[in-house]
Amino acid sequence: MKFGDFLNTLAKKVGKENDPALVAILSNSELANRDINDDFANTLDTNLMSLDGAKNNPALLNHFKPVILAGIDNSFAALGNKFELGDDFLTEKSTYKKAEILESKIAAKLAAIEESKSKGDPAKEAKLQEQLVDLQSKLGQLTDQKTAELNQLKSQHEIQMNDMLVKFNLTGKKYANKDLPMETQTIIAKTLLDAKIKESGAILINDGGVLKLKQAANPTMDYVDAGFKPVSFNDFADKVLADNKLLEVSGGTPPPTQAPAAPRSISAPGQQINSSSFDAALQASQSDVK
């Protein structure tokens, strides 16, 4: 085979038969007319394929076909296991036959669903009901969990707000020991106050920014003294601090010394409540916080 003919044949496979570089080579008659071994030239010509030749080459098709279909077979296997399509589907080697089996299985499943709907299949309805109950239970657990988390956050927020208001109230007190920093005075005062509130059977609430004492046993009722008079937070705090000699005494007159009584119901039979004293106490507590 002539070298020029060989080059021209290969160039045609890649669409370069009119390329100037090829024309320049073939214009050299001495080079173009040289003989090359026919078997060698034909082997190269046969195994060097064009794109169209590769598309139609059975050997290449048989090589890449399993590679391409492997991904589809894996997907079919996952579907077969998930929807219990049977051993005939899972053991089938041909991807194309698997597709046919899958089509028939889907048709059978749809027919079974329609039949169960028309007949009211108890087993399937029970299974569906079980799934619904399980789902509702999980949703209920999730709802309870979120509600508990929200309540916890709300409780933490209320505690923080109460602490802030208590510290603000205590910071404004005139303490006897001028050598201690105000922060230290406040920490000591709050520790004593918290302990006394708990000991007295009272709880502290934040009513629109106003600290109020309520009965721990019945938080809807005010904390009252022995005469059923509501005790304001400010009066209670002053009494606790004075008893512990933390407050400054002006003019030699000590602060009130009447101890807060254990919580008692203001609705006891035969007791008459003077609402004006309650109003005065409430007004005093509001002005103290402000």
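**Briefing: helix ends, an aromatic pair and a surface patch**

Helix α1 is followed by Gly15, whose phi is positive, near 70 degrees. The model is predicted. Its chain holds 12 helices and three strands. Of the 290 residues, 22% count as buried.

**Helix α1**
- Helix α1 covers residues 3-13, and its residues Gly4, Phe6, Leu10 and Ala11 are buried.
- Viewed down the axis of α1, these buried residues fall within an arc of 160 degrees, so they line one face of the helix.
- The packing partners of the buried α1 residues are α2 (20-26), α3 (29-32) and α4 (38-47).

**The aromatic pair**
- The structure holds one aromatic pair.
- Its rings belong to Tyr223 and Phe236; their centres are 5.9 Å apart and their planes stand at 85 degrees, so the pair is edge-to-face.
- Tyr223 sits in the loop between β3 (218-222) and α11 (233-243), while Phe236 is in helix α11, so the pair ties together parts that are 13 residues apart in sequence.
- Tyr223 is buried, because its relative accessible area is 0%.
- Phe236 is buried too, with a relative accessible area of 1%.

**The loop between β3 and α11**
- Phe228 belongs to this loop, which runs between β3 and α11.
- Phi of Phe228 is positive, near 60 degrees, although the residue is not glycine.
- Most residues other than glycine have a negative phi.
- Phe228 has a relative accessible area of 8%, so it is buried.
- Lys229 is in the loop between β3 and α11 as well.
- Lys229 has 41% relative accessibility, so it counts as partly exposed.
- Setting aside neighbours within four places in sequence, Lys229 contacts Tyr223 and Val224.
- Through Tyr223, that contact involves a member of the aromatic pair.

**Helix α11 and what follows**
- Phe233, Asn234, Phe236, Ala237, Lys239, Val240 and Leu241 are the buried residues of α11.
- Phe236, the ring partner of Tyr223, is therefore among the buried residues at 1% relative accessible area.
- After α11 comes Lys245, with a positive phi near 55 degrees.
- That positive value occurs in a residue other than glycine.
- Lys245 lies in the loop between α11 and α12 (275-289).
- Lys245 counts as exposed, because its relative accessibility is 70%.

**Surface**
- Phe64, Val67 and Ile68 make a nonpolar surface patch of about 320 Å².
- Ile68 is located in helix α6, which spans residues 58-82.
- With 58% relative accessibility, Ile68 is over the 50% cut-off, so it counts as exposed.
- The chain as a whole exposes about 20100 Å², and carbon and sulfur atoms supply 57% of that area.

**Contacts across the chain**
- Take the contacts between residues at least 6 apart in sequence: 53% of them join residues at least 24 apart.

Note on methods:
Residues are numbered from 1 along each chain as its sequence is written. This is a predicted model: local features need pLDDT of at least 70, side-chain atom pairs count only at pLDDT 80 or more; totals for chains, interfaces and linings use all residues. Side-chain values use heavy atoms; hydrogens and water are left out. Patches are made of residues with over 30% relative accessible area and no salt bridge: like charges are joined within 9 Å, nonpolar side chains (Val, Leu, Ile, Met, Phe, Trp, Tyr) within 5 Å. Accessible areas come from the Shrake-Rupley method with a 1.4 Å probe; for residues, only the protein chains shown count as cover. A salt bridge is a side-chain nitrogen of Lys or Arg within 4 Å of a carboxyl oxygen of Asp or Glu. Helices (H or I, at least four residues) and strands (E, at least two) are DSSP runs, numbered from the N terminus. Buried means under 20% relative accessible area, exposed over 50%, partly exposed in between (1.4 Å probe, protein chains only). Rings of Phe, Tyr and Trp (its six-membered ring) pair if their centres lie within 6.5 Å; planes under 30 degrees apart count as stacked, over 60 as edge-to-face and the rest as tilted. Contact means heavy atoms within 4.5 Å. The arc is that of the directions from the helix axis to the C-beta atoms.
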